[in-house]
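Please examine the structure shown here before reading on.

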Amino acid sequence: MLANTSFFEFDKYVDTVAALSTPYGVSGIAVVRFSGSDCARLAREVFGKETFEARRAYHGFYRLVSREPLDEVVWTFFAEGCSYTGEAMLEVACHGNPLIVRQILRDAFQRGCRQAEPGEFTRRAFLNHKIDLCRAEAVADVIHAQSEKALNLAQKQLSGSFSREIDAFIQQLTDQIAVIEAYLDFPEEDLPEEDRKHFLEQQNSLIRTIERLLRAHEAYVPLKDGIRTVIVGLPNAGKSTLFNKLLGFERAIVSAIPGTTRDFIAETLSFEPYALRLVDTAGLRDTENDIERLGLEQTREQLQKADLILWVIDGSQPWKDDLETLKAKMSPEKVLILLNKADCGLHSSVAERFPQVIDVLRVLKAEEDSAAVAGDKEAEGSVFWKKEIMQQKEAVCLSDLEKKQISSDGFSSSVLSLSLKNEACLPLLRQRLKAFLDERYEDVSNVGFLVHERHAEALRQAHQSLQHASTLLEQRNSDDCLAADLKEALRSLEAIVGRVDYEQVLDKVFSKFCIGK
C-alpha cells in the first residue's frame with residue numbers, strides 16, 4: 001500500500017481535467033493533456049471515431065462543439081491503468097500556436113472538463129499508486145534541474161532508487177517491531193541477547209546512513225538551482241576580470257579605478273556537471289560614498305548566502321588588515337583562494353601566509369619546457385623520455401590541483417597564484433574549481449539522491465527516535481518504550497514515500513509543480 005488515502009480525499013480528483021503540458025508560447029507542437037473517465041467519450045466526440053486502440057497515435061482534425069474543424073492534430077488515447085496517471089488519458093498534439101491551445105482548452109471546458117491544478121496529473125499518478133511520493137517529487141526535479149549533476153540524481157530518484165532504500169529501512173524496522181511486540185505479549189520472557197545485539201547493530205547502521213543522507217541534503221538547493229558562487233575581495237584585486245573570464249564575455253566593467261563595481265552582478269554559468277550562479281560583488285573597503293556603502297552591504301549579504309566563495313587577492317601587494325577582516329567573515333570550507341597578478345610577483349607577506357601556494361605560471365612554464373624537451377626527444381626517437389615527461393607534467397597538474405589540503409585555520413591550503421590576464425591560466429583554474437566542487441559535494445555524489453527538505457525533516461525525526469531506541473537497547477530495559485520509539489521512526493520514514501494520510505503534505509508537494517504535469 002503506497003498511500004493510505006481516504007475516499008473523500010480522492011473524490012476531489014474523479015472528474016476529467018485538461019491542461020497544456022508543454023511550455024506556453026509559440027512552438028512547432030503543443031501537447032494538451034486530458035485525464036479522467038470522460039477521455040474515451042471526448043475522443044469519440046472530437047475526432048468522430050467510434051473505435052480506436054489504446055497507445056496508438058491517430059491523425060485527424062480537432063473539431064469543436066460546433067463541429068467546426070480547428071486544427072490538424074495527432075492524438076493518442078491511453079486506457080485506464082496503462083497511463084501516466086493510472087486513469088484514462090487523452091493527449092492531443094496540435095500546432096504550437098497559443099490561439100489554438102486556448103480554443104482547445106475552452107472547448108474542453110465546454111464539454112465538461114475542468115482546468116487541471118498545478119501538479120494534478122502527477123498527484124493523480126500518486127493517488128492511483130502509479131508512483132510513490134519520492135518519485136512524484138523527482139518528476140519536478142527532472143523538469144527543473146539546472147545542471148547535469150542535478151539531472152542525473154533526479155533521474156535516479158525517478159527510477160525509484162531512493163524509494164527502494166527507504167523501503168528497505170521500513171522493512172527492517174517493521175521486522176524489529178514484530179519481534180519486540182511478540183515478546184511484549186509474554187512478559188515472563190525477555191528479548192534474547194542475540195536479537196538485542198543484532199537489532200542494535202542494525203539501528204546503528206541505519207543511524208549512520210541517515211546521517212549521510214542529511215549531509216547530502218545540504219547540497220540539495222545548490223545542485224537543484226545552481227551553486228551560488230560569490231566572487232569577493234578588496235578593490236582592484238581582479239574580481240570583475242575573473243567574472244568575465246569564467247563567463248567568456250565582458251559582462252562586468254573592468255577599471256583600474258577603485259569602486260567601479262557598486263552593485264552585485266549575477267549570471268548563470270554552465271560548469272558541467274554543475275551549474276554556477278556566479279555573482280560579482282563590490283570591493284570591500286571603508287568609504288564615505290553612500291551609494292558605494294549600499295553596494296558593500298549587498299556584498300556582505302551575498303557572502304552569507306554563498307555556497308562557494310572565490311576570494312580574489314592581489315598577491316603582488318603587501319598583506320593588509322582589511323584582508324584579515326574579510327577572512328573572518330567567511331566560512332572556510334566554502335572558500336577557494338586565488339592570488340591574482342602573479343605576473344607582478346608574489347609579495348613576501350602574502351607568501352608567508354600561503355606556504356603551499358600553487359604557482360600556476362610555474363606549472364605552465366613546466367608544461368612548456370616538457371613539451372619542448374618532448375619534441376626534442378621525440379625527434380631523437382626516445383619513447384622512454386616522452387613517457388617520462390608526460391608523467392612529470394601530469395604530476396605537476398593533477399597532484400597539486402586536485403588533492404584536498406586543509407590548513408590549520410580550516411581554509412583550503414590549495415591556493416592558486418595566477419594571472420587572470422593570462423588566458424593560459426584559465427584551464428588550470430577551471431580544473432581546480434572542478435576539483436573543489438567535487439570535494440564539496442562528495443557526500444551527495446556518494447549518496448546518489450536529491451534529499452529534499454521534507455525528506456530531511458522526516459529523517460531528523462527518525463534519527464532522534466532511533467538514537468533513543470539504541471540507548472534503550474544498550475541499557476536492556478523498557479522494551480515497550482523501545483517499540484514505541486521504533487514505531488515513531490517507522491512513521492517518519494513512511495512519510496517520505498507517502499504512506500501517510502496527510503492531505504496537507506500532498507498539497508505542499510504538488511503545489512510546486514507546473515500546470516499540466
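Helices (H or I, at least four residues) and strands (E, at least two) are DSSP runs, numbered from the N terminus. The model is predicted: local features need pLDDT of at least 70, side-chain atom pairs count only at pLDDT 80 or more, and totals for chains, interfaces and linings use all residues. Residues are numbered from 1 along each chain as its sequence is written, and side-chain values use heavy atoms, with hydrogens and water left out.

**The helix.** Just after H4, His 129 adopts a positive phi of about 65°. Helix H4 itself spans residues 120-127 and is mostly covered, with eight of its eight residues buried. Buried here means under 20% relative accessible area (1.4 Å probe, protein chains only). Among these buried residues are Glu 120, Arg 123 and Phe 126.

**The sheet.** Two strands pair if DSSP finds at least two bridges between them. Seven strands make up an open sheet with mixed pairing, in the order S8-S9-S7-S10-S11-S13-S12. S8 and S12 (358-359) stand at the edges with a single partner strand each, so one side of each has no neighbour in the sheet. In strand S9 (residues 274-280), six of the seven residues are buried. S8 and S9 form a hairpin, with two residues between them.

| Strands | Sense | Bridges |
|---|---|---|
| S7 (residues 227-232) and S9 | parallel | five bridges |
| S8 (residues 265-271) and S9 | antiparallel | seven bridges |
| S7 and S10 (residues 308-314) | parallel | four bridges |

Individual residues illustrate these pairings. Ile 227 stands opposite Leu 276 in S9, and Ala 266 faces Val 279 in S9. Opposite Ile 231 is Leu 310 in S10.

Methods: Buried means under 20% relative accessible area, exposed over 50%, partly exposed in between (1.4 Å probe, protein chains only).
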